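Try each task before you read its solution.

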Amino acid sequence: MKTEVIALYLPQFHPIPENDEWWGKGFTEWTNVGKARPLFKGHNQPRVPADLGYYDLRVKEVREQQVELAREAGVSSFCYWHYWFGNGKRLMATIFDEVLESGRPDFPFCLAWANHSWYNKTWNPDGSTEKKLLIEQTYPGIEDMRMHFEFLLKAFKDSRYTKIAGSPLLYIFDAEHLPKEYVNNLRQWTKEAGFPDLYLVANAPDNTVESKFFIEKGYNAVTYTRLRDASVIDFGNSDLKRKLGKALGRVKGIITHRPPYLFDYAKASKKFITEVEKQEEVIPVIIPQWDHSPRSGWNGIMFDNSTPEAFGLHVRDALNAIENKKEEHHILMLKSWNEWAEGNYMEPDLKFGKGYIKALKEALDSNEK
């Protein structure tokens, strides 16, 4: 049975006025990627892109090349991060707008609403962070809600838009705090526009929020990104347990002279897929690699020893979790296609080339036999 692989896609990698103001003229994600340095022996930093180079997403040929690689990997759809902060305010909108208006690339897509405020974060040596608000996520009310829907509807009506049983898929980053009236109205207006429904996917913040919470709130499906769950140190979910987990991490770092939140990918990825992912309404998340140090330095969560072979085994675990689900729920969420500054990407680099692309395709092909 064919599996739909929906890849989260960052439409950054080009200058925008706001980033120029906040971070300096010409800033893009490549700025953090390029300045990263190894923090321990064997640390795979900086990451250097291969086939596509340090691309600018305003160049349409780059977007076509990305699609060629995605097809080669067996990816079914790009899920573009979408930023709507309220009162019609959007950021990093140029790339998706061009995709929508031009009809190119001719490749399925959907939207992920990144409904969260932006902060300038500073990671301190003790593991704490300081945050300065850059732009706030707001929910002004019915007029803004309707304006937002009219934008979404234009995308929904595109023949390329990813649909589940005829219903357009919309992924919500902060599903827990999106007002219930937004959920209700978005679904109702989508039906009034002629679709069976809106297929809303909730991003769960951690494993303490059960999927039924989101289903009862009006979502159709839920994803869990288990980066924290996979850590050797159990951070826990109370403030006390989190503080204890961070303290233990710092002690481990002092003893080993290695970053405190550094874990082995092959071991950690075994925890990315659990029994919960077998639930009909839960979409497993597959994670090729992760290294947040370009952004957060010594205190970032990092998975060492990530290889295409280990990723392939992880994908097989995810495929096993959905094997008994309904055909329409044979879906995997790929996090991510091109989050280079988080060390979380599928695109070719100088170390592994197309290794991750080949690993995903081989796992998918073996599952369909």
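**Exercise 1.** Find the volume of the second largest pocket and work out which strand gives the most to its lining.

*Solution.* Keep in mind that this is a predicted model.
- Start with the volume: the second largest pocket comes out at about 180 Å³.
- Next, the lining: 16 residues line this pocket, and those nearest its centre are Asn-44, Asp-304, Asn-305, Ser-306 and Lys-351.
- Finally, the strand: β14 (residues 302-304) gives the most to the lining, with three residues.

**Exercise 2.** Say how many cavities of 30 Å³ or more the structure holds, and which element supplies the largest share of the largest cavity's lining.

*Solution.* 
- Apply the 30 Å³ cut-off, and you are left with one cavity.
- The largest cavity has a volume of about 60 Å³.
- Its lining includes Tyr-80, Trp-81, His-82, Arg-90 and Phe-96.
- Sort by element: β2 (77-86) and β3 (89-91) are the ones that give two or more residues to this lining.
- The largest share, four residues, belongs to β2.

**Exercise 3.** Is Glu-347 buried or exposed, and which side chains make polar contacts with its side chain?

*Solution.* 
- Locate Glu-347: it sits in the loop between β17 (344-345) and α12 (355-368).
- Check burial and charge: Glu-347 is buried but has no salt bridge, and the nearest side chain of opposite charge, Arg-63, is 11 Å away.
- A salt bridge needs the charged atoms within 4 Å.
- Now look for polar partners: the Glu-347 side chain makes a polar contact with the side chain of Tyr-55 at 2.8 Å, and another with the side chain of Trp-340, at 2.8 Å.
- Among the other residues Glu-347 touches are Leu-52, Gln-66, Trp-337 and Asn-338.

Methods:
Residues are numbered from 1 along each chain as its sequence is written. This is a predicted model: local features need pLDDT of at least 70, side-chain atom pairs count only at pLDDT 80 or more; totals for chains, interfaces and linings use all residues. Side-chain values use heavy atoms; hydrogens and water are left out. Buried means under 20% relative accessible area, exposed over 50%, partly exposed in between (1.4 Å probe, protein chains only). Lys and Arg count as positive and Asp and Glu as negative; His and the chain ends are not counted. A polar contact is a pair of N or O atoms within 3.5 Å; within protein, one must be able to donate a hydrogen and the other to accept it, and residues adjacent in sequence count only if both atoms are side-chain atoms. Contact means heavy atoms within 4.5 Å. On a 1 Å grid over the protein atoms alone, a cavity is a set of points where a 1.4 Å probe fits but cannot get out, and a pocket is an open set with protein on both sides within 12 Å along at least five of seven lines; lining residues have an atom within 4 Å of a point. Grid points are joined across faces, edges and corners, and a volume is the space filled by probe spheres set on the points. Lists of a residue's contacts leave out its neighbours within four places in sequence.
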